[in-house]
Amino acid sequence: MPKMNRHLLQHTQAEWERQRSEITRLYAAENIPLRDVVEIMKTRHLFHANQRQYKTRIAQWGLEKKVKHDEMVTIVQIDRKRKMQGKSTRFRVRKRSVAQKKIRRFIRDHPLLETARALSYSPPPLSSISYETIKQSQALTSPMMDRTTFQVDSRADTHSKSSARLTSLPLRVPASSSSSLDPDQYLKSCSEANASTPSSQDCRSAMSDSDFFGGKPSSSHSITGVSSLMSELFDFSAAAKTEVRSLRTLPRTSHMERRSHSTANQTTSDRHETSLVTESEGEILEIMDSLVELAGRVEDQGKYEWSRVLLQRAVRLHRRRFGNKHPNTLDAIEALSRILRAQGRYAEAEKLLSGALKAFRKTRGDSHTDTLDCVGLLALVMVNRGRYAEAELHARDALATRLKFSNINDIGVSRSKNILGNVLAAAGQYQAAEKVQRDVLATRSKVLGKEHKETLRTIDDLAEALGGQGKHELMKEEYLKLLEIQTRILGPMHQQTLNARHGIAMALGGQKKFEQAEIEYRCVIQLKQSVLGSDHPHTLGSMHNLAWILGQRKQFEEARDMSNHVLQTKTRILGSEHPSTLLTQANLVDILDNLGEDDEAEALSRSVLKVRERVLGVEHPSTLSSKSSLATLLADKGEYKEALKLQSEALLARQRVLGEEHPVTRATLKRMKLFETCFEEEVESIKSDSERDFSECS
């Protein structure tokens, strides 16, 4: 047997204290792994000790890097509470910063923290934890903090957000509970508050950074065309609404060995990326998580192309470091697929997710939660591409698989059911979608709580399913409920709060209360311009809807001017072939038609149809809508032969895609029969005129 090194047993308390400053510098200040500290102390300082002895001293000196379970539970509880107040927080344990990605990973690895029992649990305060409030004005560019640092002690976290000033806001929401919020009273106060349009200076004076900064808005999803009728009128696309950043919990990581790569014959960018491989595991994950987080914040600003570039870099780094099959890679791929959908690049998103799904089925199996989450994301992309039957099949398969291994109240089950509800609504199955979303809402309210972000997102989904059925009063009530909660929790200027008001305006439009809808839209637009900017896609989405409302009020000149402005801005920001840009062009066709500019309307209609056929596909619902719209224009001009041809093509395609009993299919059939009748009458009229002329000549 080898002889034991006697030096390992001979160090006294005084000897350890003499080396304490050097060990602290290496281990704590320079963040060197313990095994390397042991080696450095042995070679440079001739100080011999094993890792167990070092760990004992490190614990005594309070230098432990690992955050204990109770400490993480405390951090999660405080972080959740402060996020609900609109605050972004940085934590320290024993004066060491705790990365947000570590907090997210802990939540992912401990799903019971999201249950109702855990949400009501208050962990004992720990004096080792301190936290700081990040300055909202510098959160995107600098890690600087407020001067105030909070120490967790026996007192509760009493640092509450200062209430926002509401005196100059154009809309005042009653402070009563959602159950007592009267829709008629709200609309009356809305009209009174908006009798005179507030100036942008008024909006800014009432706006507090903490009202809209903080957690990513997550009340809405990215399904485009939720209602087959309303989708042809309103902008439901990602450009008009805020999508929750992740259907999954945030990244989970695992430790891997260090490795290095040659940088020969590489570009500057490649050398920079490859150099990351020489860093420690934690440092690499910190860099990549920061990259994904930065992309999300840029996405919030409506800068989708910049966000896409950042996320593509993140995916490339994840693949190079961890491979295609690692969970961290999937999280980066998911974020990239979301931004691709926001840009209307559906084919790229589907290719990306199909590759990830194949990898996870191979390595983790068909029933793993990562696999099923990927299936759900793929179903949403299929909805974007108009393949509703295929999307529904994927969504139902994912739900059935989850139910085999999980309780019906499981968070993953409710996530799959929520996706299925969105798919059904997009396909026009509104009653079925309403039933599914009500089930999801009941489950999430019970398990997560009535004011949890996922519960609030479900209220939004339910409201849209109700709108698709023409239940606009119920739709408005759901959005009013959502508005009251989000105003109280996030503040009146938060993106999610403004999205709820956007939804109320849509409900008013569906009820044909166009005057009230116009007032609400104008107020929402002005607030979005103050908070997000005039060129933000969400602001443009509300302006698009207002243009349609103006058209319904016969204010065609203003509607045309606003549509042209929105179209020019969308073309510059999103691109000329983005689905949201094409939707604005399609609405402009109707406005031009009502202004009597028939030739311009027909030319624009043909252009939109051609682009949609190329970009979305010949059987996409939006393409078929353009084909039917062009047929109507031609029929109005008496060109029944071409109109019948286009309407017949649209009818056959809708029968294949939507089914013969779908309301849109039945409406298309009814319109085609009207065209046939008009065409027959015209033929008979021409025939009668010809016979009369012939008899007169005889």
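Helices in this account are DSSP runs of H or I with at least four residues, numbered from the N terminus. The model is predicted, so local features need pLDDT of at least 70 and side-chain atom pairs count only at pLDDT 80 or more, while totals for chains, interfaces and linings use all residues. Residues are numbered from 1 along each chain as its sequence is written, and side-chain values use heavy atoms, leaving out hydrogens and water.

Is T623 buried or exposed? Buried means under 20% relative accessible area, exposed means over 50%, and partly exposed lies in between, using a 1.4 Å probe and protein chains only. With a relative accessible area of 0%, T623 is buried. Its side chain reaches the backbone oxygen of R612 at 3.3 Å.

Now to the nonpolar interior. In soluble globular proteins, nonpolar side chains tend to be buried together. A nonpolar core here is a set of buried Ala, Val, Leu, Ile, Met, Phe, Trp, Tyr and Cys residues joined through side-chain atoms within 4.5 Å. The largest such core has 53 residues, and L336, L353 and V423 have the most contacts inside it. The elements giving it two or more residues are α11 (281–300), α12 (304–322), α13 (327–342), α14 (346–363), α15 (369–384), α16 (388–405), α17 (411–426) and α18 (430–447). Of these, α15 gives the most, with 10 residues. If you pick out L353 on your screen, you will find that it touches I333, S337, C374, L377, L378 and V381, not counting residues up to four places away in sequence. A second, separate core has 43 residues, including M506, L546, A601 and L604.

Because 13 of its 16 residues are buried, α25 is largely enclosed by the rest of the structure. Just after α25, G596 takes a positive phi of about 80 degrees.

Charged side chains come next. A salt bridge is a side-chain nitrogen of Lys or Arg within 4 Å of a carboxyl oxygen of Asp or Glu, and a search of the whole structure finds 41 of them. One of them joins K481 and E478, at 3.6 Å from N to O. These two residues are 3 apart in helix α20 (residues 472–490), so about one helical turn separates them. K481 is partly exposed at 28% relative accessibility, whereas E478 is buried at 10%.

Other bridges span more of the sequence. R572 and D535 meet at 3.1 Å, N to O. This pair links distant parts of the chain, 37 residues apart: R572 is in helix α24 (residues 556–573), and D535 is in the loop between α22 (514–531) and α23 (537–552). R572 is exposed at 55%, and D535 is partly exposed at 31%.

K637 and E602 form another salt bridge, with their closest N and O atoms 2.5 Å apart. K637 lies in the loop between α27 and α28 (640–657) and E602 in helix α26 (residues 598–615), so the pair ties together parts that are 35 residues apart in sequence. K637 is partly exposed at 33%, while E602 is buried at 14%. Both belong to a salt-bridge network that also links D599, R606 and E642.

Finally, look at the aromatic rings. Rings of Phe, Tyr and Trp (its six-membered ring) pair if their centres lie within 6.5 Å; planes under 30 degrees apart count as stacked, over 60 as edge-to-face and the rest as tilted. The whole structure has 6 aromatic pairs. One of them, W16 with F47, is edge-to-face, at 4.9 Å centre to centre and 85 degrees between the planes. W16 is in helix α1 (residues 13–29) and F47 in the loop between α2 (34–45) and α3 (51–61), 31 residues apart. W16 is buried at 4% relative accessibility, and F47 is buried at 4%. F47 also pairs with Y54: the ring centres are 6.5 Å apart and the planes are at 80 degrees, so this pair is edge-to-face. Y54 is buried, with a relative accessible area of 1%. W16, F47, Y54 and W61 form one aromatic cluster.

How values were computed. Contact = heavy atoms within 4.5 Å. Polar contact = N/O pair within 3.5 Å; in protein donor to acceptor, adjacent residues only side chain to side chain.
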